[in-house]
Each structure stands twice: as structure tokens, then as C-alpha cells.
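Thanks for asking me to look this one over.

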Amino acid sequence: MRQLVLLSAALFLTLSGCSKETPSLKSYESTFATESFVRKHLLTKEGLIRTNISDRQHEFLSESIGLYLLFLVDQKREDEFANQIDIFKHYFLDESNLVSWRLEQTGDDITASPVNAWIDDARIIHALSKAADVFNEPTYTKLAEKISTALTTKGVKDGLPVDYVDLTTNETGDVLTLSYLDEAALRYMPSSNNLYLNSKQLLEEAPLQGPFFAKSYSISDQKYHFDDEINMIDQLYVAIRYEQFNLNTDVFYDFFKEQFNQGLVYGRYDLDSKEPAVNYESQAVYALAIFYLLERDEKEFAETIMKHLKTFMISDSSSEYYGGYIDVSNKETHSFDNLLPLLAEGGLLDGYLIP
């Protein structure tokens, strides 16, 4: 998903900027079956969320903790949010005040990637800023401002966000993935560099190809780019961003609704033919569709999508994996595919925060 392949994945930073005292994970009960699955199978004793329980069980993403923080503030769970912020500051927050996008554990050692990802930093800024209001906690505002200042100083090129920054050299990427333009987070950032207005204008001027949005924008050559094979996770994220900025998404909406009414929405489509490029569905697609539909005030349709989404969840309460979005036969799962449905479920019940 991210343009991080330009930097070696083997490069990692020792967690030297962490607080001296290692935070401990607190135990909580949840009324959400999916959260119980996450806490039982994906959450480590350090409070970090594994990417999966097979080949990436020693990898932890800032994406995961950001989504969980949004869920906790959405549910107004103050103590658990504070616990996760302690964990975040200890493991993910770099001394530059940017956020390492990935941690890796080897034995007892946890090392951090020397690269951030704009969307993950922005999501955490969003969660902190919302939490400052919900919990009346000014320290969250201060932390959000520290990350915002670093992000808008180092993670910007020609007045636009960039996908990533090298935390050791401050070298930036040249590409902006359009789904990264979290409108709510941009509202919390300093306005002096016009990031908000520039981001909205970038979306306004972006071309469509049929019902599909461009995926990214190259800043140096000022060109939009489409993938030949359209990933519906990317498309729905971009559609959400358009709706956040009050921009029209009717053509995409009609396509999505038609696909769903025909039986299902596939995970990928061919850009030119608009035919499915794969034969599978994605729980993340349906979870993001719920947020998209809520942005369009289509709550009834969103509830229909939620019913379909829950058919992917392990609903047998006697199963060890109850509540999980997991293929029990091969233990295939992903933190993203559980946290997004969890956030969507909470959002339908109690209001929502865009992921």
C-alpha cells in the first residue's frame, strides 16, 4: 500500500527515544466480540497489536494502534485510551516527534523502522485531538500539536503532504497517495502552510476514469496516477476523503451500489473493463463502505452492508476465534481486517470517527 519500498526494510532504529519506564498493558473486558478477539489473539503483553498470528506476528503497525485509538475515543473509554497512548509514546513515537510506521520484535528486542507514513501520523493526530475534547485532557492536545508540527514541517513538499519521511535523514518521498488526505486530521494541523486548502484543491482537480478515482499524485511532475488494477480499499478510502471535503462521489456510489445489488463487491477491478480482477470479497472493503455511506447519510444502506460484513465474522461463541475476521482453516487474518470492522460496528451504534 505504501511507497516505502524505496527505503530498505532492513533499516531499523533502536528505541532510544522512549520513556524510561515500560508501560504495562491493562486488562479490560469488552462488549464487542471482535475487540475480544483482537485482545486475545493480536494484543501482546506489551500492549502492541500484531499484524497477524502467522508470518507477521512479531510485526506491529502504527496503522493498527491508530485505528484502535479511534475506536477507544469513539467509545469514550478514557482509561484504555490513556493506556494505549502510553504504549504509543514508548514504542512508536520517534525523537523527531514523527511516528515510526512499523515495529519488529526479535526476542525481547523491539526495533522501529526509520520511516513514518503520513496517514498513520495524521490518524493519531486525529485521535488525540478528538480525545482532548472528549476527555477534557490538554496533554493530548499538546502531544497532537507536537506531532502536527513535525509532520507539517518535515512531511510536506511544495505545499502538499508526502507519503513518508526518512526519520534519520528527513528525506521525503515524492508521491502523495490520495487516500492519505484525512480531512479531519488536516483541520487540526497548523493552517499557515495551506495544507488543508491545497489538499482539497488536489482532490477537486483529480480526474476520474469511469467510476474510479486516481490513486496517487506525483508532486515533482504534477501528474495523477491510476493503477491498472483498482483496489477497492484504496477507492473507498479516497471516496471517504472526497465526502469529507464535501466533494461529489455520485458516479462511484452508483458503481458500488450496482455491484453490491448484483451480489457482492469484489476486492479488485480492472481499470478499463470495470470487471472484477479477483474472485474474493474483503471485509475491509465493506467496513470502509460503512464509513463512506455514513458520510453520505445513507445509514440504512450502511446497516445492510454491516449485516453482510458480519457474515465474515466467526459467530460461534464456543469457538476460540469468536468475534474474529479470520479463516480458521489456515489462521489467515490481519489486524486491519479486524480493527476496521470493529470501528465500523462501534460507529453505527454510537456515532463514528473516520478511520
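1. Let me start with a question: which residue takes a positive phi in the hairpin of β3 and β4? The residue is glycine 107, with a phi near 65°, and the hairpin has 2 residues between its strands. Please keep in mind throughout that this is a predicted model.

2. Strand β7 pairs with strand β10 (residues 216-218) in the antiparallel sense over 3 bridges, and valine 175 stands opposite serine 218 in β10.

3. Two asparagines deserve a look in your backbone check. Asparagine 136 has a phi near 50°, which is positive although the residue is not glycine. Asparagine 136 sits in the loop between α4 (118-134) and α5 (138-154), and at 66% relative accessibility it counts as exposed. Asparagine 246 is the other one, with a positive phi of about 60°. Its place is the loop between α8 (232-244) and α9 (250-261), and its relative accessibility of 70% makes it count as exposed.

4. On the aromatic side, a search of the whole structure finds 17 pairs. One of them is formed by tyrosine 196 and phenylalanine 245, a tilted pair with 5.1 Å centre to centre and 55° between the planes. This pair links distant parts of the chain, 49 residues apart: tyrosine 196 is in helix α7 (residues 195-205), and phenylalanine 245 is in the loop between α8 and α9. Buried or partly exposed: which describes tyrosine 196? At 26% relative accessibility, tyrosine 196 counts as partly exposed. Phenylalanine 245, in turn, is buried, with a relative accessible area of 1%.

5. A further pair is that of phenylalanine 256 and phenylalanine 301. Their ring centres are 6.2 Å apart and their planes are at 50°, so this pair is tilted. Because phenylalanine 256 lies in helix α9 and phenylalanine 301 in helix α11 (residues 299-309), the pair ties together parts that are 45 residues apart in sequence. Phenylalanine 256 counts as buried at 0% relative accessibility, and phenylalanine 301 is buried too, with a relative accessible area of 11%.

6. Both of these rings belong to one aromatic cluster, formed by Tyr253, Phe256, Phe260, Tyr286, Phe301 and Phe312. Charged side chains come into this picture as well. Lysine 257 lies over the face of phenylalanine 301, at 6.0 Å from the ring centre. The charged end of arginine 296 sits over the ring of tyrosine 253, 4.1 Å from its centre.

7. Lastly, have a look at helix α12 (residues 335-350). Its 16 residues reach 22 Å from the first C-alpha to the last, close to the 22 Å expected at 1.5 Å a residue. How many of its residues are buried? The count is 14 of 16, so α12 is mostly covered. Glutamate 345 is found in this helix and counts as buried at 14% relative accessibility. What joins the side chains of glutamate 345 and lysine 310? A polar contact of 2.9 Å does. After the helix comes glycine 351, with a positive phi near 90°.

Terms used. Residues numbered from 1 in each chain as written. Predicted model: local features only at pLDDT ≥ 70, side-chain atom pairs only at ≥ 80, totals over all residues. Heavy atoms only, no water. Helix = DSSP H or I, 4+ residues; strand = E, 2+ residues; numbered from the N terminus. Buried < 20%, exposed > 50% of the residue type's maximum accessible area, 1.4 Å probe, protein only. Phe/Tyr/Trp six-rings, centres within 6.5 Å; stacked < 30°, edge-to-face > 60°. Lys NZ or Arg CZ within 6 Å of the ring centre and 35° of its normal. Pairing = 2+ DSSP bridges. Expected span 1.5 Å × (residues − 1). Polar contact = N/O pair within 3.5 Å; in protein donor to acceptor, adjacent residues only side chain to side chain.
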